[in-house]
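Come along and look things up with me.

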Amino acid sequence: MEMRAAMVLGLGSDLIEINRIAESMERFGDRFLHRVFTEEEIAYCQRKKKHAAESFAARFAAKEAGAKALGTGISRGIGWREIEVRRESGERPTLHLSGRAAARAAAMGVRHIQLTLTHGRDVAMAVVLVED
């Protein structure tokens, strides 16, 4: 069986201040959360109680990084909720696409999506790599 290296089709990264997300959560509440995050993302992050803002910020960064990796950005045709971070217990987070994000990925020939998330006290960061 022949092994072939995957070709990188896109790379995106994003860094966000956690306070920015915390302020949006405080100011706009559920309206902000439901505009940006899926029900599953909201449920996951809210289970984190005192660290919810960090989890939301990491997912916000992942959505931005995912849209950049697809070459569009959020404001150009891909909606916030079309890029979703999922995490099974004991597993690493994964990025799932739907709607226009999935259509864009299919048109690019994306078969694999790599995601890494990290956050510290003040910032959250995500990197997304899309491959054929």
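**Entry 1: Leu95**

Is Leu95 buried or exposed? I looked it up in what is a predicted model. Leu95 counts as buried, because its relative accessibility is 7% and the cut-off for buried is under 20%. I found Leu95 in strand β3, which runs over residues 94–97. Leaving aside residues up to four places away in sequence, I listed what Leu95 touches: Ala62, Gly66, Ile83, Glu84, Val85, Ile113, Leu115 and Val128. I also checked a distance to Lys63, which lies 32 residues from Leu95 along the chain, and the two C-alpha atoms are 8.6 Å apart.

**Entry 2: the whole protein**

Next I stepped back for an overview. I counted five helices and five strands. Reading along the sequence, I wrote down the order as β-α-α-α-α-β-β-α-β-β. The C-alpha atoms fill a box of roughly 50 × 30 × 25 Å along the principal axes. How does the radius of gyration agree with that of a compact globule? For 132 residues such a globule would have a value near 14 Å, and the protein has 15 Å, so the two agree.

I noted that 42% of the 132 residues are buried. The protein exposes about 8000 Å², and 49% of that comes from carbon and sulfur atoms. Then I turned to contacts between residues at least 6 apart in sequence: 55% of them join residues at least 24 apart.

**Entry 3: helix α1**

Which residues of helix α1 are buried? In this helix, residues 18–28, I found Ile18, Ile21 and Ser24 buried. They sit on the same side of α1, because they cover an arc of only 130° around the axis. The other side of α1 has Asn19, Glu23, Glu26 and Arg27, which are exposed.

I then asked what covers the buried residues of α1. The cover includes β1 (8–17), α2 (30–36), α4 (52–69), β4 (112–119) and β5. One more note for this entry: just after α1 comes Gly29, with a positive phi of about 55°.

**Entry 4: Met125 and its patch**

I moved on to Met125, which I found in strand β5, residues 123–131. Met125 counts as partly exposed, because its relative accessibility is 34%. On the surface, Met125 forms a nonpolar patch with Leu15 and Val123, and together they have about 250 Å² of accessible area.

**Entry 5: Thr118**

What does Thr118 touch, not counting residues up to four places away in sequence? I got Val123, Ala124 and Met125, and two of these names, Val123 and Met125, are already in my patch note. Thr118 has its place in strand β4. With 45% relative accessibility, Thr118 counts as partly exposed. I also looked up Ala61, which is 57 residues from Thr118 along the chain, and their C-alpha atoms are separated by 9.7 Å.

**Entry 6: Thr72**

My last stop was a loop. Thr72 is found in the loop between α4 and β2 (83–86). Is Thr72 buried or exposed? Thr72 is buried, because its relative accessible area is 13%. I again left out residues up to four places away in sequence, and Thr72 touches Ala67, Ile78 and Arg104.

Conventions:
Residues numbered from 1 in each chain as written. Predicted model: local features only at pLDDT ≥ 70, side-chain atom pairs only at ≥ 80, totals over all residues. Heavy atoms only, no water. Patch = residues over 30% accessible without salt bridge, like charges linked within 9 Å, V, L, I, M, F, W, Y side chains within 5 Å. Areas by Shrake-Rupley, 256 points an atom, 1.4 Å probe, with all protein chains shown as cover. Salt bridge = Lys/Arg side-chain N within 4 Å of Asp/Glu carboxyl O. Helix = DSSP H or I, 4+ residues; strand = E, 2+ residues; numbered from the N terminus. Buried < 20%, exposed > 50% of the residue type's maximum accessible area, 1.4 Å probe, protein only. Arc of directions from axis to C-beta. Contact = heavy atoms within 4.5 Å. Rg over C-alpha atoms; globule rule 2.2 N^0.38 Å.
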